Amino acid sequence: RDCLLSRGLGDVYKRQQANDFIRVHVVNEAKKKKGIKVEDNSLHSIYKGNPGTGKTTVARLIAQILFQKSVIKKDLLVEVTRQDLVAGFVGQTAIKTEKVLKSALGGVLFIDEAYTLYSKSENDYGVEAIETILKFMEDNRGNIMIIFAGYPKEMDELMSINPGLESVSYTHLRAHETRGNL
């Protein structure tokens, strides 16, 4: 039935996780359209896995399916890394990050290696990007899906370091430890 997802995801475990995620959001959208109140189920997600485990592939497939099922408004996946969000001067990171966020409205923003946004250096503006993302997530709830992706240990550290990130409700997809499995 979700042929696109089945073709792109060879592993039963990740296919089941992705199908469950999609099913919840499709049912909630149908309920909303009928005027039935639903709990706020965040689209935001955290994908954890080692290199080559399919995090980006899963994001692309889920974005397509959520659009096809009218859960998101646009067939749009914007893929970014730290360099797309963080500027070199105070105040410019928020502007740069907000521009990227606005470009993904109605669709999905995939932040690869999201843990690189946090640095212990005082001269680093990644925290400004995180704060801008958090505010945007709250202000545009239901109009954007943000996926934070990266290696398991580093992503766990990122979430524990920033209380704002940790407080957001996420769907977690985690790769099996063997290569090629998300």
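Student: Why does the span of helix α3 agree with its 14 residues?

Tutor: The expected span is 1.5 Å times one less than the number of residues. For α3, residues 55-68, that should be 20 Å, and the end C-alpha atoms are 20 Å apart, so the two agree. Helices here are DSSP runs of H or I, at least four residues, and strands are runs of E, at least two, numbered from the N terminus. This is a predicted model: local features need pLDDT of at least 70, side-chain atom pairs need 80 or more, and totals for chains, interfaces and linings use all residues. Residues are numbered from 1 along each chain as its sequence is written, and side-chain values use heavy atoms, without hydrogens or water.

Student: What makes Arg-82 and Asp-124 a salt bridge?

Tutor: A salt bridge needs a side-chain nitrogen of Lys or Arg within 4 Å of a carboxyl oxygen of Asp or Glu. The closest N and O atoms of Arg-82 and Asp-124 are 2.2 Å apart, so the pair qualifies. Arg-82 lies in helix α4 and Asp-124 in the loop between β3 and α6, so the bridge ties together parts 42 residues apart in sequence.

Student: How do you know which class Lys-153 belongs to?

Tutor: Lys-153 has 58% relative accessibility, so Lys-153 counts as exposed. Its salt-bridge partner Glu-157 has 38%, so Glu-157 is partly exposed. Both lie in helix α7, four residues apart, about one turn.

Note on methods. Buried < 20%, exposed > 50% of the residue type's maximum accessible area, 1.4 Å probe, protein only.
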